[in-house]
Structure formats: structure tokens, C-alpha cells
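Here is a short briefing on one protein model. Please look it over before reading the points below.

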Amino acid sequence: VDARQMSLFGGGWTLGSIAAMCAAGAESATYYETSGLRGVLETDAGSAVPDKFHSLPGGLYPLYYVFAGLADFAGGWALAARSSDPLRVVGLALMQDGRRRVLLANVTPEPQRVGVAGLQGAAQVRYLDERNAEAAALDPAALAATAVAVQAEADGNVVVALLPYALAQIDVRTA
């Protein structure tokens, strides 16, 4: 097992992997088990090897939220999303039925300021980072509570500040 699986880094790595596979034309992929040491969430009983994989019983790992963000757009489109520095920030853009979502991850131990182009109008941003990861592991409502309304700048950019290894979800209603 890899303890990074339950970390913010694991969420960012998963997002970057999915984004790269989408860009390469993959139509499907299989990741992780459902629960436990190789899952997207911990079992109610907790870790089978707590000395190597210290997790919260019943907790949701950050990569769970990557898949939840994708699942909302099942049957939609993955759009080309390019990072000017993919060794720092990775992302994936999704579209379905007049909705757009951009999933971002800072894959470094330093804060990153990111401008996302092409998002006209009002947007809502949710962050998963060191401030709320433990609360979100225990209750998905903790992540929903981080929603911040932002307005795209005149050039269509939405600017977000990502803490180390943070994930962000930007939602825009386009039509």
C-alpha cells in the first residue's frame, strides 16, 4: 500500500493521471478499489495496518472527491486543458448540459496562484486543502461549505490561490 493514496498529493496525482489519459484519447480507465488500503475511502472498521496506513475509520480520501467531481459530469465531455507549468498545476475541464467544471490540483509543496481562462461570468470555487481535508474526510458537507462565489475578470480569467497540494473545483453555468 502507499500512504500517499489518502493524502492531498494522492488526489492531485490521480487528477493529473486522469487528465493526461483524457488528453491522450483514453475513453475509460480503472483506478483503485472502493474501500480500504487500496480504496477511495476507508472502511468503517479503519485501517487493517494502522502503523503503515493511518487513516480515519469511514473517512473519504481526497481522491474520492476527484472521482465525485468527475461523476457529476458522467456522459459529458472532457475538454482540452493545458497548464503552462504541468509540474506545478494539473487540471481537467468538463462540460455537460450548459455546465462547465474545472478540476485543478497543485502538485507542489508551495502555494500556487492560477489563472483559468475561458470561464465567462460567475463561478463557484470549492477548495480541498490542508485547512479542511480532515473535516472533509469525515463529512462531505465540510467541502461543500468551502464554496466561494467569484466573478471572472474582464478577460474571462478566474484566478484561484492553491495551498500546497490543494485541489480546487470551479463550476460555471454557461447556458
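A polar atom of the threonine 146 side chain lies 3.3 Å from the backbone nitrogen of tyrosine 127. The model is predicted. Threonine 146 sits in the loop between α4 (140–144) and β6 (148–151). Setting aside neighbours within four places in sequence, threonine 146 is in contact with Val125, Arg126, Tyr127 and Asn132.

**The sheet**
- Six strands form an open sheet in the order β1-β2-β3-β8-β5-β6, with antiparallel pairing.
- At the edges are β1 (77–79) and β6, each pairing on one side only.
- On average, neighbouring strands of this sheet are turned by 25° against each other, direction ignored.
- Three bridges join β1 and β2 in the antiparallel sense.
- Tryptophan 77 stands opposite methionine 95 in β2.

**Helices on the sheet**
- α1 packs on the sheet and touches β1, β2, β3, β5 and β8.
- The direction of α1 makes about 60° with that of β2.
- α2 lies across β2, β3, β5 and β8. α2 runs at about 160° to β3.

**Helix α1 in detail**
- α1 covers residues 8–23, which is 16 residues.
- From first C-alpha to last, α1 reaches 23 Å, close to the 22 Å expected at 1.5 Å a residue.
- At the start of α1, a side-chain oxygen of serine 7 comes within 3.3 Å of the backbone nitrogen of phenylalanine 9.
- The buried residues of α1 are Leu8, Gly10, Gly11, Gly12, Thr14, Leu15, Gly16, Ser17, Ile18 and Ala19.
- Their cover includes the helices α2 (62–71) and α3 (133–138). It also includes the strands β2 (89–96), β3 (99–106), β5 (122–128) and β8 (167–173).
- Just after α1, glycine 25 takes a positive phi of about 95°.

- Most residues other than glycine have a negative phi.
- Tyrosine 32 has a positive phi, near 55°. Tyrosine 32 is placed in the loop between α1 and α2.
- Tyrosine 32 counts as partly exposed because its relative accessible area is 27%, which falls between the 20% and 50% cut-offs.
- Aspartate 97 also has a positive phi, near 50°. Aspartate 97 is found in the loop between β2 and β3.
- Aspartate 97 has a relative accessible area of 65%, so it counts as exposed; the cut-off for exposed is over 50%.

Key:
Residues are numbered from 1 along each chain as its sequence is written. This is a predicted model: local features need pLDDT of at least 70, side-chain atom pairs count only at pLDDT 80 or more; totals for chains, interfaces and linings use all residues. Side-chain values use heavy atoms; hydrogens and water are left out. Helices (H or I, at least four residues) and strands (E, at least two) are DSSP runs, numbered from the N terminus. A polar contact is a pair of N or O atoms within 3.5 Å; within protein, one must be able to donate a hydrogen and the other to accept it, and residues adjacent in sequence count only if both atoms are side-chain atoms. Contact means heavy atoms within 4.5 Å. The expected span of a helix is 1.5 Å times one less than its number of residues. Buried means under 20% relative accessible area, exposed over 50%, partly exposed in between (1.4 Å probe, protein chains only). Two strands pair if DSSP finds at least two bridges between them. Axes are lines fitted to C-alpha atoms, for helices over the stretch in contact, and angles run from 0 to 180 degrees between N-to-C directions.
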